[in-house]
Amino acid sequence: MIDLQVPDKTHDEARQGEALILDTPVKADARKLYIESYGCAMNFADSEIVASILSETGFETTGDYHQADVIFINTCSIRENAETRVRNRLSQFGVEKRRNPKLIVGVLGCMAERLKSKFLEEERLVDVVVGPDAYRDLPNLIEQVESGHKAVNVLLSREETYADISPVRLNSNGITAFISITRGCNNMCSFCVVPFTRGRERSRDAHSIVEEAKGLFEAGYREVTLLGQNVDSYTWTSEDGTETVNFAQLLAQTALVSPDLRVRFSTSHPKDITDEVLYTIAKYDNICNYIHLPVQSGNTRVLELMNRTYTREWYINRIDAIRNIIPGCAISTDIIAGFCTETEEEHQETLSMMDYVQYDFAYNFTYSERPGTLAARKLEDDIPEEVKKRRLAEILAKQQAHSLMRLQEWVGKTVRVLIEGTSKKSDLDYCGRGDSGAMAIFPAIEGVKPGEYANVFIEKCTSATLIGRIV
């Protein structure tokens, strides 16, 4: 998969299995929590909520699981390889548990929700299984395990948004942060387990979102990403019914926190993204001109089998609207190669869609059947693996060419970049993103530091990175 360098709710391969550490003073008597996350940005944001809840009961985070009293893996069920990674990791933790029988091992998140108590039978070393809506119950569940019992809470909620919990910022650069605005999903895409693992969609109190953004800005953060499985369907109504806020209005309210607070969001659904949202993005300079708009397939028949509820023509209409209302807006996507019954001609329509849009970035995968989904129950996964891999290779090659072309358009131009830190390859270079989400690398200079904006003249690029100098 191409290194796409963009914060998103999709899988970030560079962060898979990351141990999250809160920078707090060490207390001699504090219990140690080791929490490792897999999957999308929603999972990483949820791990921050978990750490916040447990910090109230005396836990501190550690980056060394050998020191931990409790080990949690926050899991993903979207693809089979994500679940395989988790099971392999659990076997490694099993070695530590044999050394320290008092160690508590728990599985959180979507995989926990999908397998429920069956997980305790399949993975004997697991003590706690907790779904995404039950994190408030973790202190009680840990006590239950300490008294000698296994513990499970995978109840899904129609109300839980964790709006009143201020997430700790784990492994944060102190500059960019995620803010969850919705939980769950009402879209029943036939390939996806999210509605079953995260429940029905509910929107968080708009005031709590804006207050969280204000708090982050006051703490020195300069970019927030509003997260949801489908941000465009965000709708919050006050308890007394006197106030209703849609996503376009929430975007505007967040942008008004400060012109120096950059605002991103993810993910949009093609059936729900409105012209009102697009005009809001165009109105505010600090709302990034970048939209992640998953297409999944370029063929209408396959989209219908996927239950995506839009056609090829509808998707193109939304792309045209973006281009007209926000000229130069960066667009990224998700594509599945080899969905059930996809023909060669239908695959070619996906390639032609890519040529039409010329995406800046893309997350591309072969179809992986997930147990419990509509596709698993109703459709045959009948495309041979070698055909899936060949189609994916064609998609990847085309996307790499488009990504390079899009980045080349920045060469010779000056980009306003939010400096996020030093480059992974050299402490002498800074890295940061422009409005489009593309990563830029440039020499550090005296008097300019991370967390500040800099005008960077782009001199050249690779297929994934802009390279330039501060002017």
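User: Which residues in α7 meet which residues in α8?

Analyst: In this predicted model, Ala 206, Ile 209, Val 210 and Ala 213 of α7 meet Leu 250, Gln 253 and Thr 254 of α8. By class, that contact has five nonpolar residues, two polar ones and no charged ones.

User: At what angle do α7 and α8 pack, and how far apart are their axes?

Analyst: Helix α7, residues 206–218, packs against helix α8, residues 247–255, at an angle of about 30°, and their axes are 9 Å apart. Angles under 35 degrees count as roughly parallel, and α7 and α8 are therefore roughly parallel to each other.

User: Is the crossing left-handed or right-handed?

Analyst: The crossing in which α7 passes α8 is right-handed.

User: Moving on to α11, what span should its 14 residues have?

Analyst: Helix α11 covers residues 312–325, and at 1.5 Å a residue it should span 20 Å. The C-alpha atoms at its ends are 20 Å apart, which agrees with that expectation.

User: Which residues of α11 are buried?

Analyst: The buried residues in α11 are Arg 312, Tyr 315, Ile 316, Arg 318, Ile 319, Ala 321, Ile 322 and Ile 325. As background, residues three or four places apart in an α-helix point the same way, because there are 3.6 residues a turn.

User: Now the backbone. Which peptide bond is cis?

Analyst: The bond from Ser 266 to Thr 267 is cis, and its omega is near 10°. Thr 267 lies in the loop between β14 (262–266) and α9.

User: What is the phi of Gln 296, and where is that residue?

Analyst: Gln 296 is not a glycine, yet its phi is positive, at about 70°. Gln 296 sits in the loop between β15 and α10.

User: Is Gln 296 buried or exposed?

Analyst: Gln 296 has a relative accessible area of 7%. Buried means under 20%, so Gln 296 is buried.

User: And what about Thr 309?

Analyst: Thr 309 also has a positive phi, of about 65°, although it is not a glycine. Its place is the loop between α10 and α11.

User: Finally, how many helices and strands are in the chain?

Analyst: The chain has 14 helices and 22 strands. Of its 471 residues, 59% count as buried. Among contacts with a separation of 6 or more, 73% come from residues 24 or more positions apart.

Methods
Residues are numbered from 1 along each chain as its sequence is written. This is a predicted model: local features need pLDDT of at least 70, side-chain atom pairs count only at pLDDT 80 or more; totals for chains, interfaces and linings use all residues. Side-chain values use heavy atoms; hydrogens and water are left out. Axes are lines fitted to C-alpha atoms, for helices over the stretch in contact, and angles run from 0 to 180 degrees between N-to-C directions. Helices (H or I, at least four residues) and strands (E, at least two) are DSSP runs, numbered from the N terminus. Angles under 35 degrees count as roughly parallel, over 145 as roughly antiparallel, 65 to 115 as roughly perpendicular and the rest as oblique. A crossing is left-handed if the near helix is turned anticlockwise from the far one by less than a right angle, and right-handed if clockwise. Contact means heavy atoms within 4.5 Å. Ala, Val, Leu, Ile, Met, Phe, Trp, Tyr, Cys and Pro count as nonpolar, Asp, Glu, Lys and Arg as charged, and the others, Gly among them, as polar. The expected span of a helix is 1.5 Å times one less than its number of residues. Buried means under 20% relative accessible area, exposed over 50%, partly exposed in between (1.4 Å probe, protein chains only).
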